[in-house]
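Visitor: I have a structure open here. Can we go through a few parts of it?

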Amino acid sequence: MTETKIFPKEPLTAVSAIDSLIAYAVSLRASDIHCDPREGDILIRLRVDGQIDPVGTLPKRLHEEFIARLKILSGARTDLHAVPQDGRWSTKVDDGNFNIRISFMPTYHGENAVMRLLPTKASGDVSFAKLGFTPDHVRAIDTALKLKHGLILVTGPTGSGKTTTLQACLSLKAKESLSIVTLEDPVEYEIPGIRQIHIRHNHGVTFASGLRASLRQDPDVIMVGEIRDSDTAEVAIHTALTGHLVLSTLHTNSALEAIPRLVDMGVDHYLLASTLKLVVAQRLVRAMCHECDSQGCEVCRQTGYRGRSVIAEVCEVDAGLCDLIASRETVSSYTDYALSRDFRPIRDDGLEKIEWGITTKEEVLRVLQS
């Protein structure tokens, strides 16, 4: 792609370049915009369906003005160039409203900027089935969400769609007459009817302190954006023990690895066995473009893919698994037991999505081997 497909013809200014770039990114459903200065130009790359690709360049003469304009829009300091900065602003593109989070970083050839595009409101049609979960997965998740107390975890690496899955969980719970509080870093999507708290570490509002404070808000359901440390893990477990349904995320490769991960954070085996109800481990694979049957067309930008789908494994923590956790068994013991209870590993879900024509073998292998 060339610059003329993205940016207006001369005279090109920083203002017109930014407006055109954001509009172009939205039209492609991009999640992130990377603006990387090089010796002779500014390389523009977009992340679409999880893949980042170059889409054009801007002349280097615009670099200072371009960065300054972005800093003014986002509330960052224009007089600081040698330290990282963050900012955000809201804008309207066509019929959609977006929050834009931006990070500035000094590099060898000058400051770069990375923007994340976030719709101001969560999509109203988010559902587990549309995300790619199978009917068995949906049944297990729905059953766990009907519980009055306990801990539900969504695991996976960064960029695996954990936040979107939690969003679907919260959207479902928001339809009930419940008091729901979320602790997020940052708040990405507005969900009507839910109190959403933005974590601010520089003001002493951490996941752990926010969780303790939210208990005085009479919640029925609490979502903790991520369990990162032993303090947050301890408070989350005790919150789940005292009659609250707690939803959160962990960075683990599989569902059952969440158990030793929490133990490593200092959670007692017996308490974990008493609170953990469900663990979802997931990845995102690119979905085949059905306009061209994955052969490449203008709709999918010749990639053969358009959109993404979840591949997942969902582990229900039943009485037998609780006994194994309380007995301090190994992950292999948990796995053997789960497989005997019709647990399907994420690899099998990926193979099924290939058979259904949702994605390709190459895509599943790429995601699972990364």
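Guide: We will take a histidine in a loop, and then a helix.
This is a predicted model, in which local features need pLDDT of at least 70, side-chain atom pairs count only at pLDDT 80 or more, and totals for chains, interfaces and linings use all residues. Residues are numbered from 1 along each chain as its sequence is written, and side-chain values use heavy atoms, with hydrogens and water left out.

Visitor: Where is the place of His244?

Guide: His244 is in the loop between α7 (230-241) and β11 (245-250). Helices (H or I, at least four residues) and strands (E, at least two) are DSSP runs, numbered from the N terminus.

Visitor: Why does His244 count as buried?

Guide: Because its relative accessibility is 13%. Buried means under 20% relative accessible area, exposed over 50%, and partly exposed in between, with a 1.4 Å probe and protein chains only.

Visitor: Which residues does His244 touch?

Guide: Not counting residues up to four places away in sequence, His244 touches Lys148, His149, Gly150, Leu215, Pro219, Asp220 and Thr239. Contact means heavy atoms within 4.5 Å.

Visitor: New topic. Which residues of α13 are buried?

Guide: Glu363, Val364 and Val367 are buried in helix α13 (residues 361-369). They lie on the same side of α13, because they cover an arc of only 95° around the axis. The arc is that of the directions from the helix axis to the C-beta atoms.

Visitor: And which are exposed on the other side of α13?

Guide: Lys361, Glu362 and Gln369.

Visitor: What covers the buried ones?

Guide: The cover of the buried residues of α13 includes β12 (276-288), β13 (305-316) and α12 (346-355).
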